[in-house]
Amino acid sequence: MSVSAPSRPLREGLFRVDPDGLLASRCDACGSLHFPPKRACPDCHGDAVSAHALGTRGTVRSFTVVRNAPTFFPQPYVLAYVELPEGLQVFTQLGGVEPEAVQIGMQVQLSIEPIRKDVDGVTDVIAYRFHPVEEGE
Ligand SMILES: [Zn+2]
């Protein structure tokens, strides 16, 4: 990730950089993973959870094209459920792809990147998207 403007993460504890990865909560008692991370385990109600970096390559399981919504983002854009190697599905935007080219089963790669400007118009808000995996990657 290279960022020159001032920046802030969309939310603390959601991802890490260098190496990039989404941070799930992993239950110390039953091992279940949740993203976005939870303070306690919704499965066994254990309250001891640790941050766990998830795999960065996934598969598009379902998606929708947003063409008309009140939002910061240029439209149309694609929202998808991406399944990661851990079996977790992450709700995310897809980047670097035309909506017409998105397919179920497409391989995608995590990208931690600026997704919009903050309310001050200067600061980059950093979050995550998934981009199609290029041939040969
Ligand atoms: Zn648990």
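Biologist: Where is histidine 45 placed?
Modeller: Histidine 45 sits in the loop between S4 and S5. The model is predicted.

Biologist: What is phi of histidine 45?
Modeller: Phi is near 65 degrees for histidine 45, a positive value in a residue other than glycine.

Biologist: Is histidine 45 buried or exposed?
Modeller: Histidine 45 counts as exposed, because its relative accessibility is 67%.

Biologist: Which other residue has a positive phi although it is not a glycine?
Modeller: Aspartate 18 has one, with phi of about 50 degrees. Aspartate 18 is in the loop between S2 and S3. Its relative accessibility is 65%, so aspartate 18 counts as exposed.

Biologist: What kind of peptide bond joins aspartate 18 and proline 19?
Modeller: A cis bond, with omega of about 0 degrees. Proline 19 belongs to the loop between strand S2 (15-16) and S3.

Biologist: And what about the peptide bond from phenylalanine 35 to proline 36?
Modeller: That bond is cis, and its omega is near -5 degrees. Proline 36 lies in the loop between S4 and S5.

Biologist: Metal next. Which residues coordinate the zinc ion?
Modeller: Cys27, Cys30, Cys41 and Cys44 do, each through SG, at 2.2 to 2.4 Å.

Biologist: How are the donor residues spaced in sequence?
Modeller: The spacing is C-x2-C-x10-C-x2-C. Cysteine 30 is in the loop between strand S3 (21-27) and strand S4 (33-34), and cysteine 41 is in the loop between S4 and strand S5 (49-53), so this pair ties together parts that are 11 residues apart in sequence.

Biologist: What is the geometry of the zinc site?
Modeller: Tetrahedral, with angles of 100 to 119 degrees among the four donor atoms. The ideal angle for four tetrahedral donors is 109.5 degrees.

Biologist: Why does the site count as tetrahedral?
Modeller: Because the rule for four donors asks that all angles lie between 85 and 135 degrees, and the angles at this zinc ion are 100 to 119 degrees.

Biologist: Cysteine 41: buried or exposed?
Modeller: Cysteine 41 counts as buried, at 3% relative accessibility. Cysteine 30 is at 41%, so cysteine 30 counts as partly exposed.

Biologist: On to the rings. How many aromatic pairs are there?
Modeller: The count comes to three. One of them is phenylalanine 35 with tyrosine 128, an edge-to-face pair with 5.5 Å centre to centre and 75 degrees between the planes.

Biologist: Where do phenylalanine 35 and tyrosine 128 lie in the chain?
Modeller: Phenylalanine 35 is in the loop between S4 and S5, and tyrosine 128 is in strand S10 (residues 124-132). The two are 93 residues apart, and the pair links distant parts of the chain. Phenylalanine 35 and tyrosine 128 are both buried.

Biologist: What about phenylalanine 73 and tyrosine 77?
Modeller: Their ring centres are 5.6 Å apart and their planes are at 70 degrees, so that pair is edge-to-face. Phenylalanine 73 and tyrosine 77 are both buried.

Biologist: Which domains does the assignment give?
Modeller: Domain 1 (12-54) and domain 2 (55-137). Their C-alpha centres lie 21 Å apart.

Biologist: How many residues are in contact between domain 1 and domain 2?
Modeller: On the domain 1 side 14 residues, and on the domain 2 side 12. The area buried between the domains is about 980 Å², and carbon and sulfur atoms give 79% of that.

Biologist: Which three residues supply more of the area that domain 1 buries than any other three?
Modeller: Phe15, Leu22 and Leu54, which supply 53% of the area that domain 1 buries against domain 2.

Biologist: Last topic. Where is leucine 94?
Modeller: Leucine 94 is in strand S8 (residues 89-94). Its relative accessible area is 5%, so leucine 94 is buried.

Biologist: What does leucine 94 touch?
Modeller: Leaving out residues up to four places away in sequence, leucine 94 touches Val60, Val78, Ala80, Val82, Val102, Val108, Arg129 and Phe130.

Key:
Residues numbered from 1 in each chain as written. Predicted model: local features only at pLDDT ≥ 70, side-chain atom pairs only at ≥ 80, totals over all residues. Heavy atoms only, no water. Donors = N, O, S within 2.8 Å, 3.2 Å for Na, K, Ca; no water. Tetrahedral: all angles 85-135°; square planar, octahedral: opposite > 155°, others 65-115°. Helix = DSSP H or I, 4+ residues; strand = E, 2+ residues; numbered from the N terminus. Buried < 20%, exposed > 50% of the residue type's maximum accessible area, 1.4 Å probe, protein only. Phe/Tyr/Trp six-rings, centres within 6.5 Å; stacked < 30°, edge-to-face > 60°. Domains from an automatic or database assignment. Contact = heavy atoms within 4.5 Å. Buried area = accessible area lost by both parts, 1.4 Å probe.
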